[in-house]
Amino acid sequence: MTASLTLNKITAQKGISIAEAANRVADLGWTPSYVQEAMTFPTDYKISKTPRDPMKQVLRSYFPMQEEKDNRVYGALDAALRGDMFRNVEPRWVEWMKLFLAIIPFPEISAARSMAMVGRLAPGEELRTGFTMQMVDEFRHSTIQMNLKKWYMENYIDPAGFDITEAAFGKCYATTIGRQFAEGFLTGDAITAANVYLTVVAETAFTNTLFVAMPSEAARNGDYALPTVFLSVQSDESRHIGNGHSMLMAMINDPSNHQLLERDLKYAFWQNHAIVDAAIGTFIEYGTTNRDKNKESYAELWHRWIYEDYYRTYMLPLEKYGIKIHHDDVAAAWDRIVKKNYVHKTAQFFTVGWSVNFWRIEAQTERDFEWFEHKYPGWYAEFGDFWKWHAKLSVPGETNILFNSEVGYSYPHRCWSCMVPCLIREDFVCDEVDGKIYTYCSEGCRWTHKVAFAAEYEGRATPAMGRFSGRREWEDCYHGWDVADAIKDLGFVRPDGKTMIAQPHLRFDAKDMWTLDHVRGHTLGSPLRGFRALSPIEREVATAEYRKGFKINPCH
Amino acid sequence: MSAQTSRAAAARPIAIAKSGAAGAAVFPGSGSRKYNYFEPKGRKATHYEDMTVDVQPDPERYLLQDWIISFPDGTPTYSKDWTAAKSSNWHKFRAVDQEWERTHYQRQSTICGMVQNTIENGRKSGAPTRFDPAWVKILQNHLGAYKHAEFGLGTSTMQAQRYGYTQMVNNAILTNSSYKLRFAQDITLYLSEIGLDLPGFDNAAGKKHWLEDPIWQGVRKSVESVMGSNDYLEQYFATNVVFEPLIGELFRSGFLMQAASAQNDFITPAVVSAAEADYERNLANTVELFHILGTDPTYGAQNLALFNKWLAKHADLALDAANHLQPIWSQPRVKVAAFADALAHAKNRIKGIAAELGLTVPANLAS
């Protein structure tokens, strides 16, 4: 036997190349001649060029590869239990997972559905296999995340909130932003939704903060399950990014598409920023107990993943095709994160609203203050007293922070576009659309509703573009309700029928837990109703006043 | 920082449980360890139900703010109007095969391994070169043509999985699509690989027959009619209630799997058998869904009338397509399967399915 003889050499036989296999598979399609293909979801784009499949993978290799990835994930979950992960996990972190994991399975499955929309639009069949794999990937993501959530529910000290998860998703004021995110993938113009908003922007840019940056923080909090699941999920994203880019390249050479592409890149970037940065920024910065000053803050992570990785290496090269890139929006988003405290104001808002949540939020402490001040100079002056108030008012019997006038917090308007409240007060704007007044967190969101989601864009008819609909201001759903009745209606009550699921602390003792009786006697209201009732002059005054902001009172 | 001392007040000592593990403390809700927002089909929720139910929301259940983006004509993100079928409870359906991602990948991966091993081992032993030459032509031309039918149904169900009103309906259609598209690729790669061992094997012949051969035009028309339907449930119904028994099983089991071994081909039946097993699962899901709709307390009668209409329309096309395939049964050198027997079996199969669903078998299938 020669030294170079291997089993592989003995058993090897001639096969077809990967490229050849991909070509043969791509040739499965044909143009129907007996019956026209079913009505598809319309687009205003023209797609005349056949998109190429950069991955050149076939299902025969895809399924075993995915099964292997799954085996690793489920093996790791078993190992985490055997290693008693939950004994050391930080409850502060897991509590935020009640919100995050309530949101994410629906966007994932929405992405699977949206593959139906792009699958029919692309000429040729080469990318069909890529879309097929993405469809099954997204089915994977949605159900693997439901499984992770169930696993937390079964093994974490406080399962309340996980147990109502999908019901909570449909009702909560915070998950509403996740619904906007998900519906954006699969409603309206098929290319706007399924290509630009989903694959080109959400998956190419923002999954890095969602599925890479966030798992790192989970690991720092003793949670090894989330990184296991989400880094496995992220490993599928490169395929989706490839699908998105390939489809984009099939459209970008047609100048008649440029106007729409510029609109959609701008809309998708701004809305992804408004939604994803609000939520993930809060989880990473406020869900952690790790205050290592050498680790990157969310702002630093954003700079790495969104600015350097996406903006500089993905978006800027699109200019050579004649696309005008919305540089100002990237700069504005950066300013909102580093100068205007967008993430901190979101965390503050979630905390003010703790009683209508379905997870616990404990107060930030001295250790946290140090870290925030180090990473975001000036943080303490603006937010320090607020968190002290939250600690002070976390005891049952205190007046709920949402209604406690001593604190000095002023409840915000809701942005009609991204559905995050208008937290950066100086950027607040309002406008009239179809005869009604709406409020927005920023100029970018005003533009999205009034200009982008319309039947015409810069003089061009856009008959396929979607519209905003539904009861988009959550507060309006409970206008005039006592907060205790609203919480009951939301279903955010524990099995004893009186103890609230949400708690403003991490004290796992019945005597420390708030019940409906502790919050009863305060009425919820819709800020928009009041705003609309004002005369134009009064509205101007109210807007100027709102933009001035508020000051949290000292907490002694 | 100078403010440090005054801030110390905020750092109140609080009693935090030492462990974050289940059972470390007892308090209201600490034992609530099951998803509690839906009614399981059985006594206890299955894992599939926990992974699936209510992930796609519904304004009639928990979607407080309704759908928040619409199509330009006002149609919401999901609409009941995307099928002519009606239901008093779209949430009742549970997929019989109980598939979620893990079980789906396990099954698909097992099939890929089985098919690949069969082909590799067969080729290693030189099996394709021992296939009867007439049979090789049949594989090249007719199995080669048939793969496009599988692909067409795969793309059709891929489209259909966007429209269902619940996660359970859509995921069942999604896995159906995944199985069909895998099988279309299985055949494509199988033929490509044995083609390496068979001088003169023409990989392009299958598509040519699919597009031009009169034998296949009925099947193509039948598939294009499924793909062309604007009703996603009609697509699902026509695929599994009509096309599969009358054409899919007819050609796969009624011809390929029966005739192959007599032509020295022991590989094709193993490759094709995967599709038969796929179909059993897809059929079970389909029958469950349409049985629920056909026995709906409010809409059962009108649904049955609709399904009878779909059955008649697609069965006409499929029966015509099946009859056009007849010449293939005469082409093998060793004839072991008779078309008449295979068709009779196919008709019995569809009659059985129709009976399960309470449908009226069209006259042309009755004989």
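The model is predicted. The contact between the chains takes 114 residues from chain A and 94 residues from chain B. A strand pairing also links the chains, joining β5 (residues 467–468) of chain A to β1(B).

- Seven elements of chain B are listed here with their residues: α2 (47–52), β1 (69–70), α3 (101–124), α5 (133–160), α6 (167–197), α7 (205–212) and α8 (214–227) each supply at least two residues of the side that touches chain A.
- The largest share of that side comes from α6(B), with 14 residues.
- By class, the side of chain B that touches chain A has 42 nonpolar residues, 32 polar residues and 20 charged residues.

**Strand pairing across the interface**
- β5(A) and β1(B) run antiparallel and are joined by two bridges.
- Within this pairing, F468(A) stands opposite I69(B).

**Helix packing in chain A**
- Helix α9 (residues 176–186) packs with helix α12 (residues 258–286) at an angle of about 140°. Their axes are 10 Å apart.
- The two helices, α9(A) and α12(A), are therefore oblique to each other.
- The crossing of α9(A) past α12(A) is left-handed.
- On the α9(A) side, the contact residues are I177(A), Q180(A), F181(A) and G184(A). They meet Q271(A), I275(A), A278(A) and A279(A) of α12(A).
- This contact has five nonpolar residues, three polar residues and no charged residues.

**Helix packing in chain B**
- α5(B) and α8(B) pack at an angle of about 10°, and their axes are 9 Å apart.
- Angles under 35 degrees count as roughly parallel, so α5(B) is roughly parallel to α8(B).
- α5(B) brings A145(B), A149(B), G152(B), L153(B), T155(B) and S156(B) to the contact. α8(B) brings W216(B), V219(B), V223(B), V226(B) and M227(B).
- By class, these contact residues are eight nonpolar, three polar and no charged.
- Both α5(B) and α8(B) also supply at least two residues each to the side of chain B that touches chain A.

**A hairpin in chain A**
- Strand β1 (residues 429–433) and strand β2 (residues 436–440) of chain A run antiparallel. Five bridges join them.
- V433(A) has K436(A) in β2(A) as its bridge partner.
- β1(A) and β2(A) form a hairpin with two residues between them.
- In the turn, D434(A) has a positive phi of about 50°.

Definitions and conventions
Residues numbered from 1 in each chain as written. Chains lettered and ligands numbered in written order. Predicted model: local features only at pLDDT ≥ 70, side-chain atom pairs only at ≥ 80, totals over all residues. Contact = placed C-beta atoms within 7 Å. Helix = DSSP H or I, 4+ residues; strand = E, 2+ residues; numbered from the N terminus. Nonpolar A, V, L, I, M, F, W, Y, C, P; charged D, E, K, R; others polar. Pairing = 2+ DSSP bridges. Axes fitted to C-alpha atoms, helices over the stretch in contact; angles between N-to-C directions. Parallel < 35°, antiparallel > 145°, perpendicular 65-115°, else oblique. Left-handed = near helix turned anticlockwise from the far one by under 90°.
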